[in-house]
Amino acid sequence: MQETLGILLYAPWIYVIVAVSILLDVFVPVLPSGALVVTAATVAAGTAADVAGLPTPDADPRLPQLFLLVVCATTASVIGDLIAYRLALRGGRRFGSAISRSRRLTAAHQRLEVALTRGGGPLVVLARFAPAGRAVVSLGAGVSRRRAREFLPWSALAAVVWTGYSVGLGYLGGQLLGASWIATGLSLLALLAAGFIAVRLLRPAQEGATPQAPAAN
């Protein structure tokens with residue numbers, strides 16, 4: 001694993017793959033963007049360059065790769081949210097019809113509307129960890145015609161928190177166990193656990209929320 005992924009990590013296009021995956025998973029939530037980020041961070045922390053025999057110009061070659069990974073993942077997350085928000089803002093009726101056909105999406109959309117109306121932006125951050133939560137938040141904000149200033153700052157914060165947590169898990173696993181499948185697997189389990197906790201924390205808000213009309217722009 002170290003040799004193969006170490007070479008991939010140092011190839012510039014691995015960051016393109018990570019960025020594209022994160023950019024698109026707002027529309028296709030099944031894409032393994034979180035797994036890619038965690039795996040890349042695990043390999044970087046495990047000094048894969050040394051194992052693969054790659055050149056190491058700095059005393060500690062891991063930090064530049066981790067920094068670039070954080071920048072790529074955070075930027076792609078924010079841009080993806082913005083694209084989804086703008087598309088839903090322009091085609092609100094079409095996206096609204098799609099949301100209304102799903103009971104889960106309808107409930108999540110209503111919860112988002114209540115949260116944003118009451119200034120509950122932290123729920124946007126929490127939803128970033130829940131399965132499909134990012135899609136519901138970004139598309140729901142556009143369908144509800146929320147102002148960009150009500151949504152995008154929380155979206156950016158969610159991107160930073162999610163990226164920091166994912167990279168941190170991979171880095172910690174790589175430091176403790178090396179760039180191994182065990183380290184990657186345990187880090188991914190921790191990422192899945194965060195998603196499970198997010199779903200559990202969001203559920204009471206859903207049960208207690210009541211639908212409200214969108215605020216006028």
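Read along the sequence, the protein follows the pattern α-α-α-α-α-α-α-α-α-α-α, which comes to eleven helices and zero strands. Here helices (H or I, at least four residues) and strands (E, at least two) are DSSP runs, numbered from the N terminus. This is a predicted model, in which local features need pLDDT of at least 70 and side-chain atom pairs count only at pLDDT 80 or more, while totals for chains, interfaces and linings use all residues. Residues are numbered from 1 along each chain as its sequence is written, and side-chain values use heavy atoms, with hydrogens and water left out.

**Overall picture**

- Of the 217 residues of the protein, 44% count as buried; that label means under 20% relative accessible area, with exposed over 50% and partly exposed in between (1.4 Å probe, protein chains only).
- The protein exposes about 11,000 Å², and carbon and sulfur atoms supply 67% of that area (Shrake-Rupley method with a 1.4 Å probe; for residues, only the protein chains shown count as cover).
- Among contacts with a separation of 6 or more, 81% join residues 24 or more positions apart, where contact means heavy atoms within 4.5 Å.

**Nonpolar cores**

- A nonpolar core is a set of buried Ala, Val, Leu, Ile, Met, Phe, Trp, Tyr and Cys residues joined through side-chain atoms within 4.5 Å.
- The largest nonpolar core holds 31 residues, and I22, V37, L69, W162 and V167 touch the most other members.
- Two or more residues of this core come from each of α2 (13-24), α3 (33-45), α5 (62-90), α8 (122-127), α9 (133-143), α10 (148-177) and α11 (181-208).
- The largest share, seven residues, is given by α5.
- Apart from this core lies another one of five residues, including A84, A88, L139 and V143.

- V37 lies in helix α3 and is buried, with a relative accessible area of 0%.
- Not counting residues up to four places away in sequence, V37 touches V18, I22, L69, A73, W162, S166 and V167.
- The C-alpha atoms of V37 and A19 are separated by 9.4 Å, and these two residues are 18 residues apart along the chain.
- Helices α3 and α10 pack at an angle of about 40 degrees, with their axes 7 Å apart; axes are lines fitted to C-alpha atoms, for helices over the stretch in contact, and angles run from 0 to 180 degrees between N-to-C directions.
- The two helices, α3 and α10, are therefore oblique to each other (under 35 degrees counts as roughly parallel, over 145 as roughly antiparallel, 65 to 115 as roughly perpendicular and the rest as oblique).
- On the α3 side the contact is made by S33, G34, V37, V38, A41, T42 and A45, and on the α10 side by W162, S166, V167, G170, Y171, G174 and Q175.

**The enclosed helix α9**

- Eleven of the eleven residues of α9 are buried, so this helix is largely enclosed by the rest of the structure.
- Among the buried residues of α9 are G133, R134, S138 and G140.
- After α9 comes R145, whose phi is positive, near 55 degrees.

**G195 in α11**

- G195 lies in helix α11 and is buried, with a relative accessible area of 8%.
- Leaving aside residues up to four places away in sequence, G195 touches F129, A130 and P131.
- G195 and P131 are 64 residues apart along the chain, and their C-alpha atoms are separated by 6.6 Å.
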